[in-house]
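We will take it one selection at a time.

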Amino acid sequence: MLEQLFATHSILVKIFLALLVAGLFIPAMTSKKPLSFRKASFIYTMLFQGIITMVAFTGIIAMVIGEMPMSIGIIVMILIWSILMFIEIKKYKLIKVAKLDKPETHKVLKGGFIKISIIQILLVTIMVVLMILKAKGILSI
Ligand code: HEM
């Protein structure tokens with residue numbers, strides 16, 4: 001059961017990473033259509049929150065079932081999780097209220113979307129690398 005939960009947590013993190021990478025194409029794919037940009041961004045945020053919630057859920061259940069104490073690794077995961085969620089909600093709210101019919105605003109938000117996605121990809125990658133180093137016994141977190 002615990003093994004399955006770890007495996008599910010791990011697969012969900014990879015699916016999440018794939019979503020973040022796929023999201024990088026949204027600004028280019030909707031570059032001439034501000035309303036499509038807003039719509040795609042909305043669907044993307046829903047998927048983002050759905051998957052990241054499942055990541056937290058499987059992690060918390062694994063902690064409870066495995067009776068795992070809080071470790072630095074888990075604290076870093078919860079921190080990264082909160083930062084990812086916080087940035088995503090801020091970004092979505094900005095895109096929701098922005099006057100996207102103004103080309104300048106649309107341009108700034110397209111650039112912002114990509115920059116935010118890159119930061120989020122980096123955060124998830126750092127976490128995956130940290131856990132690989134932990135599994136190899138190089139790091140004890
Ligand atoms: C509330 C949020 C989270 C909780 C409670 C949680 C909990 C856990 C627990 C208990 C483990 C097993 C720890 C161990 O082996 O020492 C684990 C593994 C892992 N978690 Fe999380 N996690 C959370 C969020 C995240 C997030 C946001 C990421 C990615 C950014 C992440 C990436 C990983 C990775 C890569 C592993 C190693 C999986 C493997 O063994 O293949 N976790 N998590």
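How many residues surround the ligand, and which are the closest? Select the ligand and find out. There are 23 residues around the ligand. The closest are S10, A56, G59, M77 and M131. Keep in mind that this is a predicted model.

**Stay at the ligand**

Colour the shell by helix. The elements that give two or more residues to the shell are α1 (2-23), α3 (34-65), α4 (72-97) and α5 (103-135). Now colour the shell by class.

**Zoom out**

Show the whole chain. The protein has five helices and zero strands. Follow the chain along the sequence and you read α-α-α-α-α. Turn the model around. Its C-alpha trace spans about 55 × 25 × 20 Å along the principal axes.

Next, think about contacts. Burial comes next. The protein has 141 residues, and 18% of them count as buried.

**Select α1**

Pick residues 2-23, which form α1. The helix has 22 residues. From its first C-alpha to its last, α1 reaches 31 Å, close to the 32 Å expected at 1.5 Å a residue.

Where do the buried residues of α1 lie around its axis? Highlight V13, F16, L20 and G23, which are buried. Look down the axis of α1: its buried residues fall within an arc of 85°, so they line one face of the helix. An α-helix has 3.6 residues a turn, so residues three or four places apart point the same way.

Now show the neighbours. The buried residues of α1 pack against α2 (26-29), α3 and α5. Then look at the face turned away from the buried side. Exposed residues sit there, including E3, Q4, K14 and A22.

**Select α4**

Move on to residues 72-97, which form α4. How far apart are the end C-alpha atoms of α4? They are 38 Å apart, which agrees with the span its 26 residues should have at 1.5 Å a residue.

Highlight the buried residues of α4: M77, L84, K91 and I95. These buried residues pack against α3 and α5.

Key. Residues are numbered from 1 along each chain as its sequence is written. This is a predicted model: local features need pLDDT of at least 70, side-chain atom pairs count only at pLDDT 80 or more; totals for chains, interfaces and linings use all residues. Helices (H or I, at least four residues) and strands (E, at least two) are DSSP runs, numbered from the N terminus. A residue is buried if 20 or more other C-beta atoms lie within 10 Å of its own, exposed if 12 or fewer, and partly exposed in between; C-beta atoms are placed from the backbone. A residue is near a molecule or strand if its C-beta atom, placed from the backbone, lies within 6 Å of it. The expected span of a helix is 1.5 Å times one less than its number of residues. Two residues are in contact if their C-beta atoms, placed from the backbone, lie within 7 Å. The arc is that of the directions from the helix axis to the C-beta atoms.
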